[in-house]
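Hi,

Here is the structure I promised to pass along. Have a look at it first, and then read on for my notes.

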Amino acid sequence: MATSNRNGEADAALLAAGIGCFAMGLLTLLSEVSESIGGMLGWSSAVGALSGKSTLSVIVWLVCWFLLHMAWRGRALDDAKIAKLSYVLIGLGFLGTFPPFWHIF
Amino acid sequence: MSMTSHEFWTVVHGLILGSIYLLAFAGGFAGLWSLRKEFVTEAGIVERMKRMYWGVWTMVVAVWLTVIVGTYVVYPWYRAPIPESPRSMLLANPSKSAWHSFGMEWKEHVAWLAPILATAVAYIVVRYGRELADKPQIRKAALVLFVLAFAAATVAGLFGAFINKAAPIV
């Protein structure tokens, strides 16, 4: 089968996922170190700040995915570099959700 | 064998949906890992793609339902501002408070990474299909995201099981 280096759609999905995970980690960290930010993210009284953190992260992910997809579809990009950037963002996302990390701030 | 509605939804969230996700992951990972010309023939690649499509989308649906049910159905009961809620009971006991301050706090946040990552993997599998056999870099990235999604779900699932043991939702 013919192969192509035009993997822009995959790169967009990868990087957007990284950005979404990073957003979740960042919002979690910010809401834990700042009561006012945590309060602003309490979109559901039953769920608390988790409602705002999760919903906003999903919105950020989907918007980024849409924009990156439109910009990169059909293009040949540096797949390895984009993948590595995604991994870093995902790693930071994991770190942001890790409670002991919050106590550093 | 009666069960309260709270117990029922806790089982749906953790045991049923969570298990479906983890099982679908195992099959999807194996399929994606072996999607290489050096491992399978062209006919073999075509044959396993249909299973992979079903597998990754089952995983995606299961993980989204898991986090949504967990966050919007079960979690409010967990954190209810009453002395009998699991959260209140854990925090009132110094020997168990870390189940909340570490376990639940990590679980409720890291879990949301799983559906984002799993959806990206499912998209890549469906978008490229058997072309992935010729795209090692993209396939490898999808595998990495697959494993990270599994890791996030595993942390959430394990802590959920232990926390429900320490302070059950009844």
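**What I found**

In chain B, residues 24 or more positions apart account for 82% of the contacts with a separation of 6 or more. Please keep in mind that this is a predicted model.

The C-alpha trace of chain B spans about 60 × 30 × 20 Å along its principal axes. Of the 170 residues in chain B, 46% count as buried.

Next, a helix pair within chain B. The axes of H1(B), residues 5-33, and H6(B), residues 136-166, come within 10 Å and cross at roughly 155 degrees. Because angles over 145 degrees count as roughly antiparallel, that is the label for H1(B) relative to H6(B). Their crossing is left-handed. On the H1(B) side, the residues making the contact include B:Gly14, B:Gly18, B:Phe25 and B:Gly28; on the H6(B) side, they include B:Phe146, B:Ala153, B:Gly157 and B:Gly160. By class, the contact of H1(B) with H6(B) has twelve nonpolar, seven polar and one charged residues.

How many residues of chain B are in contact with chain A? There are 31, and they meet 29 residues of chain A. On the chain B side, helices H2 (42-78), H4 (97-110), H5 (113-128) and H6 each supply at least two residues. The largest share, eight residues, comes from H5(B). Sorted by class, the residues of chain B that touch chain A are 19 nonpolar, four polar and eight charged.

Finally, the nonpolar core. The largest one has 83 residues, and those with the most contacts inside it are B:Leu117, B:Val121, B:Ala149 and B:Ala152. Both chains take part: two or more residues come from each of H1 (8-33), H3 (49-72) and H4 (79-96) of chain A, and from each of H1, H2, H4, H5 and H6 of chain B. H1(A) gives the most to this core, with 15 residues.

Leaving aside its neighbours within four places in sequence, B:Ala152 is in contact with B:Val110, B:Ala111, B:Leu113, B:Ala114 and B:Leu117. Both B:Ala152 and B:Leu117 are among the core residues with the most contacts.

Best wishes

Definitions and conventions. Residues are numbered from 1 along each chain as its sequence is written. Chains are lettered from A and ligands numbered from 1 in the order in which they are written. This is a predicted model: local features need pLDDT of at least 70, side-chain atom pairs count only at pLDDT 80 or more; totals for chains, interfaces and linings use all residues. Axes are lines fitted to C-alpha atoms, for helices over the stretch in contact, and angles run from 0 to 180 degrees between N-to-C directions. Helices (H or I, at least four residues) and strands (E, at least two) are DSSP runs, numbered from the N terminus. Angles under 35 degrees count as roughly parallel, over 145 as roughly antiparallel, 65 to 115 as roughly perpendicular and the rest as oblique. A crossing is left-handed if the near helix is turned anticlockwise from the far one by less than a right angle, and right-handed if clockwise. Two residues are in contact if their C-beta atoms, placed from the backbone, lie within 7 Å. Ala, Val, Leu, Ile, Met, Phe, Trp, Tyr, Cys and Pro count as nonpolar, Asp, Glu, Lys and Arg as charged, and the others, Gly among them, as polar. A nonpolar core is a set of buried Ala, Val, Leu, Ile, Met, Phe, Trp, Tyr and Cys residues joined through C-beta atoms within 7 Å. A residue is buried if 20 or more other C-beta atoms lie within 10 Å of its own, exposed if 12 or fewer, and partly exposed in between; C-beta atoms are placed from the backbone.
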